[in-house]
Amino acid sequence: MIAFFSRWASLPAFYRRSGRWIPWLWAAAAGLLVVGTVGGLVLAPVDYQQGEAYRILFVHVPSAWMAMFVYMFMAGASASAFIWHVKLAEILARVSAPLGAAFTALALATGSLWGARMWNTWWVWDARLTSVLLLFFLYLGFMALQAAIEDRRRAARAGAVLALVGVVNIPIIHYSVEWWNTLHQGATVSKFDNPSMTWDMLWPLLTMALGFMVYFAAAVLVRARSEILERERHRRWVIDEVAR
Amino acid sequence: MAWWAVLRRDLLLSVRRLGELGNPVVFFAAVVSLFPLALGADAALLRSVGPGIVWVGALLATLLSLEGLFRADFEDGSLEQLLLSPHPASVLVSAKILAHWLVTGVPLLLITPLLGVLLNLSPLAQGVLFGGLLLGTPTLSLLGSVAVALTLGLPRGGLLISVLLLPLFAPVLVFGAGAVGSALLEMPVLPYFYMLGAELALAVTVVPLATAAALRASLGS
């Protein structure tokens, strides 16, 4: 099992294999995102309360989901890098952080636009908004640490410790902020006020979410491949691969 | 025994450099006295925002004092000897963190009542503020030690430490300042103290392990 995994995660093998996957992943992401966008912007019915403006949900909710998913992915990769010294996991953790930060920024920006329209304000210190903002800072801290340490192995180990400390803290931050907020003001208008969604709105949302996920997979692989080339640039196989 | 030796040594080193010992306290007092200058001297306003100001000031003072936690030991190599010793690194590290709290956290606590008077805080708010800081500042020192260990020997580590730590400090700030806010509204305070205590208990058990791992990562062993 371990032998199989270490062969699977060996960098040359991974580099070649992922090169074959990437075109398929891009195609799938593009297809899902096009279908989801048409479904969300054209086919889905108008919301009776929020009118057309609610349609930003089809970008906002998937990016918020991805903001959390990517951190979990990063922490999982960090854990395997830390425990088993898997080089591939180190690389995946490192390259997924900027993508996660981008999803988080997108969730914050779209949320802010939506809020400007619906709540008449760009920002409220609502529990959900605040904990996403803090998550954004956690991503930026991870990236700053990676950028500050030149030696990649040391950067990976330091980043792994930080990501794992962060993962323990995320629930604490989330619940503390929730408590802080409920003390000061009542629940703000939340999109989960309407408990269930009609299927006409749900399927474009799920399609978009899947599209975001596949996009993430493709982007992570592209970034990981260039990171592999940079790290292993003095190795024979990289010189051969590039010369080909 | 080794734990006591490390604690004693760190305390002794701090006491022999009394000048440095005062810096966090002076910084704390200066930051807190900047706020009335910025916000205006209205006593009612200061009474309502005062506890938050004290908390943010204590948090920043802890942040800035953290940089020196391992620096001297890193530079003269005794940190490596500490990690090479037969005793578990996490236990020895916990002694260093405790020493750090005793020489920075405790002085901050001691000056808090004075700052509270400057901000017109009521005796009740003063007491709750003090209790919250007593439970909260050790957590800050503990969490901080991880970030310091991660950034050991890096240029401009101080700013990086702040970037890493500020989101992690958020819960302590929420519960600590929340306790005072709750007391001012004559609502129960204990839940906040329980949460601060729970965070401290979690940090005491987990953080020394993480800091030891971070030190190993930074020293490349």
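**Exercises on a predicted two-chain model**

Chain B contains 9 helices and 0 strands; helices (H or I, at least four residues) and strands (E, at least two) are DSSP runs, numbered from the N terminus. This is a predicted model, in which local features need pLDDT of at least 70, side-chain atom pairs count only at pLDDT 80 or more, and totals for chains, interfaces and linings use all residues. Residues are numbered from 1 along each chain as its sequence is written, and chains are lettered from A and ligands numbered from 1 in the order in which they are written.

**Exercise 1.** Determine which helix supplies the largest share of the side of chain B that touches chain A.

*Solution.*
- Step 1. Contact requires C-beta atoms, placed from the backbone, within 7 Å.
- Step 2. By this criterion, 23 residues of chain B are in contact with 23 residues of chain A.
- Step 3. On chain B, α7 (123-150), α8 (157-184) and α9 (190-219) each supply at least two residues of that side.
- Step 4. The largest share, 11 residues, comes from α8(B).

**Exercise 2.** Describe how α4(A) and α5(A) are oriented to each other.

*Solution.*
- Step 1. The axes of α4 (residues 87-118) and α5 (residues 127-148) of chain A come within 9 Å and cross at roughly 150°. Axes are lines fitted to C-alpha atoms, for helices over the stretch in contact, and angles run from 0 to 180 degrees between N-to-C directions.
- Step 2. Angles over 145 degrees count as roughly antiparallel.
- Step 3. Therefore α4(A) and α5(A) are roughly antiparallel to each other.
- Step 4. Among the residues that meet are Ala97(A) and Leu108(A) in α4(A), and Leu133(A) and Phe136(A) in α5(A).

How values were computed
Two residues are in contact if their C-beta atoms, placed from the backbone, lie within 7 Å. Angles under 35 degrees count as roughly parallel, over 145 as roughly antiparallel, 65 to 115 as roughly perpendicular and the rest as oblique.
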